[in-house]
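Colleague: I am new to this one, and I would like to understand the words you use for it. Could we go through it together?

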Amino acid sequence: MSAEATYDGRVAPVMTGESLPPSVADGMGCHAGAATMEAAARAAGNSELLDGFARDYPQGPHDKPQSMCPAFGSLRVGLRMRRVATVLSGSACCVYGLTFVSHFYGARRSVGYVPFNSESLVTGKLFEDIRDAVHELADPERYDAVVVTNLCVPTASGVPLKLLPSEINGVRIVGIDVPGFGVPTHAEAKDVLAGAMLKYARAEIEAGPVQAPERGRSDRPTVALLGEMFPADPMMIGAMLAPMGLAAGPVVPCREWRELYAALDCGVVAAIHPFYTAAIREFQAAGRVIVGGGPVGLDGTAEWLKNIGQAYGIAGEKISVAQNAFLPGIKAALEGSRVKGRITLSGYEGSELLVARLLIESGADVPYVGTACARSAWSDADRAWLESKGTVVKFRASLEDDCAAMEGFQPDLAVGTTPVVQKAKQLGIPSLYFTNLISARPLMGPAGAGSLQQVVNAAIGNQGRMSKMRAFFEGVGTGDTAGIWEASPNLRPDFRAQHQKKLDKAAKAAKAEEFI
C-alpha cells in the first residue's frame with residue numbers, strides 16, 4: 001500500500017510503516033535479501049527504476065556476480081571529480097564500508113551521510129533531511145554539483161530523490177539510486193552516475209550556452225573515450241588519432257563537470273569499456289556515433305583505427321597512414337617479450353576481454369575469460385575474436401564459474417579477483433590480482449603492447465616457490481580444521497546438520513516469497 005506525502009508542494013508515493021516489510025521498517029532492510037528488497041521497492045513505486053536497471057544491466061542465469069557493493073563504483077566516480085560533493089543515504093554499516101573502501105583507494109575528501117531510523121524512514125522525514133543536507137552543501141564557491149545516492153534501504157522504501165531541486169544557488173543536484181538488488185556490479189554503477197550526469201549536461205546544452213573546457217575547444221574533431229583507463233592511455237590514443245587529423249576528447253567518467261560538455265561535443269564516442277549503457281544512450285540521443293572495442297594489440301588497433309576513421313568519414317589513405325605509423329611498433333613490442341604459458345583470466349572491471357586479446361597476441365594460451373559484466377553489442381567484436389582463438393568467453397561469470405575454469409584448465413597463471421587468487425594459491429597455482437596488478441597498466445597502442453609481459457612472466461616463474469610453500473604447509477588441515485592441533489578437531493557434524501536445516505528452511509521461505 002502507498003500513501004501520499006507532500007515534499008516542497010509536490011506529491012509522491014511513499015511506503016507507510018504498515019506496508020513496509022518488517023525487515024525494512026526496522027532499519028535492518030539490508031539483511032532482508034534481494035527478493036524482499038525488490039518487492040518493497042516495487043510496492044514503493046520504483047518499478048520503473050528497477051525495470052530500467054534490468055534492461056540496461058541484464059543479470060543472466062544467476063542472481064548477480066559476487067563482487068563488492070555496486071555503490072562503490074558510483075561513489076568512486078563522484079569522489080574523483082573536482083568540485084563535486086557526494087552524499088550517501090543508506091544503512092550505517094553500508095556507509096561505513098563504502099567510506100572505508102573509498103579512502104582505501106585514495107579518496108581525499110569527505111563522504112556525506114544522511115542517517116535515518118525507522119521513524120524518519122517511514123514518515124518521509126528522511127527525504128526532508130536529505131533535502132536540508134543538499135541545501136546546506138550547495139555552495140557555488142565550493143561545488144559545481146552535489147551527488148546524492150540512495151542505497152538499498154532508501155530505494156526499497158521509495159525515498160524520492162527525483163523530487164529534490166535540480167539546482168540550488170547554481171549548484172546542480174544529481175540524485176541516483178544504486179541498490180545492490182538492482183545494479184549487478186560496481187562497474188555498472190559507474191555508468192549509473194555517468195549516465196545521469198550526461199543527461200543533466202545534455203539538457204543544459206540544449207537550454208543554451210555552457211561553460212567551455214578549461215583548455216578550450218580542440219581545433220580538430222575529437223573522440224570521447226568511454227571507460228576509466230590508465231592515465232597514459234588517453235595520451236597514446238591521441239597520438240594514434242593525430243595522423244587522421246583527429247584528437248582524443250575527454251574520458252568519461254569525467255574529472256570535472258565542464259568536461260561533460262566537451263564529451264557531448266565529440267562527434268564519435270569510443271566505447272572502450274562496453275558496459276556503459278546509460279552513457280551510450282545519452283551520447284546517441286545527442287546524435288553521436290558509437291564505436292566499440294579499443295586500440296589493443298595488433299589486430300585490435302588496426303581494426304579500431306579503421307572504424308574510428310570511417311565513423312568520421314576519413315579517407316582510406318589517411319587511415320592507412322595512422323595504421324602504418326603505429327602497427328610496426330606494436331608488432332615489435334609484442335614480439336620483443338613473449339608470454340609462454342596457459343592463463344585463465346577473470347575480473348569485474350569490464351576490460352577483461354581487451355586484456356585477454358593482448359595476452360593472446362603476446363603468445364599466451366588463454367582458454368577462459370570470465371567477466372562480471374553483461375554481454376553488449378559493443379563487445380561483440382572482441383568476443384568473436386577471442387572465440388576464433390579458441391577462448392571460452394563467459395559474461396556475468398560467477399565466482400564458481402571462474403574457480404571451475406581455473407581448476408579445470410590447470411593454468412600456469414590465474415589472473416582474477418581476490419577469492420580466485422586465494423583459491424589459486426591454495427592449489428599452488430601462481431596468480432595475479434586483476435584490478436591492482438593488471439588493469440592498472442597501460443593497454444593501448446605500443447605502450448600497452450609491452451606492458452604485461454614482464455609482470456606475467458615473473459608470476460609464471462614463481463611456480464617453484466608456490467610448490468615449495470604448498471609442500472611446507474602440507475598436513476596442517478584446511479578450512480575450519482586448519483592449524484596445529486594437540487588432538488583431533490571436534491567437528492560436531494550434528495551442529496553442522498542442524499545449521500544446514502536452518503539454511504535450507506530460510507532458502508525455501510525466500511523462494512516462496514518470490515511467487516507471492
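Colleague: Which residues of α10 are buried?

Modeller: In this predicted model, they are Asp-233, Pro-234, Met-236, Ile-237, Gly-238, Met-240 and Leu-241.

Colleague: What makes Thr-435 buried?

Modeller: A residue is called buried under 20% relative accessible area. Thr-435 has 11%, so it is buried. Thr-435 belongs to helix α19, residues 434-438. Leaving aside neighbours within four places in sequence, Thr-435 is in contact with Tyr-348, Glu-349 and Ala-440.

Colleague: How do you know whether strand β12 is mostly covered?

Modeller: By counting: 5 of the 6 residues of β12 (342-347) are buried. This strand runs parallel to β13 (residues 365-371), and 5 bridges join the two. One of the bridge pairs is Thr-344 with Tyr-368 in β13.

Colleague: What makes β12 and β13 paired strands?

Modeller: Pairing needs at least two bridges. There are 5 between β12 and β13, so they pair.

Colleague: Now to the open sheet. In what order do its strands come?

Modeller: The order is β4-β3-β5-β7-β6, with mixed pairing among the 5 strands.

Colleague: Why are β4 and β6 said to stand at the edges?

Modeller: β4 (112-113) and β6 (167-168) each have a single partner strand, so one side of each is left without a neighbour in the sheet.

Colleague: How many bridges join β5 to β7?

Modeller: There are 6, between residues 145-150 of β5 and residues 171-177 of β7, and these strands run parallel. As an example to look for, Asn-150 has Asp-177 in β7 as its bridge partner. Helix α9 (residues 186-207) packs on this sheet, touching β3, β5, β6 and β7, and its direction makes about 140° with that of β7. Helix α7 (residues 125-137) lies across β3 (84-89), β5, β6 and β7, and runs at about 160° to β5.

Colleague: Is Leu-163 buried or exposed?

Modeller: Leu-163 sits in the loop between α8 (152-156) and β6. Its relative accessibility is 11%, and the cut-off for buried is under 20%, so Leu-163 counts as buried.

Colleague: How do you know that Glu-228 and Arg-80 meet in a salt bridge?

Modeller: The test asks for a side-chain nitrogen of Lys or Arg within 4 Å of a carboxyl oxygen of Asp or Glu. Here the N to O distance is 3.1 Å, so the pair passes. The two partners come from distant parts of the chain, 148 residues apart: Glu-228 is in the loop between β8 and α10, and Arg-80 is in the loop between α4 (71-79) and β3. Glu-228 is buried at 16%, while Arg-80 is partly exposed at 29%.

Colleague: What about Asp-144 and Arg-83: what makes them a salt bridge?

Modeller: Their side chains meet at 3.0 Å, N to O, and the limit is within 4 Å, so they qualify. This pair also links distant parts of the chain, with Asp-144 in the loop between α7 and β5 and Arg-83 in the loop between α4 and β3, 61 residues apart.

Colleague: Why are Asp-380 and Arg-383 said to be separated by about one helical turn?

Modeller: They are 3 residues apart in helix α16 (residues 380-388), which puts about one turn between them. An α-helix has 3.6 residues a turn, so residues three or four places apart point the same way. The side chains of Asp-380 and Arg-383 meet in a salt bridge of 3.4 Å, N to O.

Colleague: Last one: why is Val-476 called partly exposed?

Modeller: Its relative accessibility is 31%. Buried would be under 20% and exposed over 50%, with partly exposed in between, so Val-476 is partly exposed. You will find Val-476 in the loop between α22 (463-472) and α23 (493-514). With Met-469, Phe-472 and Phe-473, Val-476 forms a nonpolar patch on the surface, with about 420 Å² of accessible area together.

How values were computed. Residues numbered from 1 in each chain as written. Predicted model: local features only at pLDDT ≥ 70, side-chain atom pairs only at ≥ 80, totals over all residues. Heavy atoms only, no water. Patch = residues over 30% accessible without salt bridge, like charges linked within 9 Å, V, L, I, M, F, W, Y side chains within 5 Å. Areas by Shrake-Rupley, 256 points an atom, 1.4 Å probe, with all protein chains shown as cover. Helix = DSSP H or I, 4+ residues; strand = E, 2+ residues; numbered from the N terminus. Buried < 20%, exposed > 50% of the residue type's maximum accessible area, 1.4 Å probe, protein only. Contact = heavy atoms within 4.5 Å. Axes fitted to C-alpha atoms, helices over the stretch in contact; angles between N-to-C directions.
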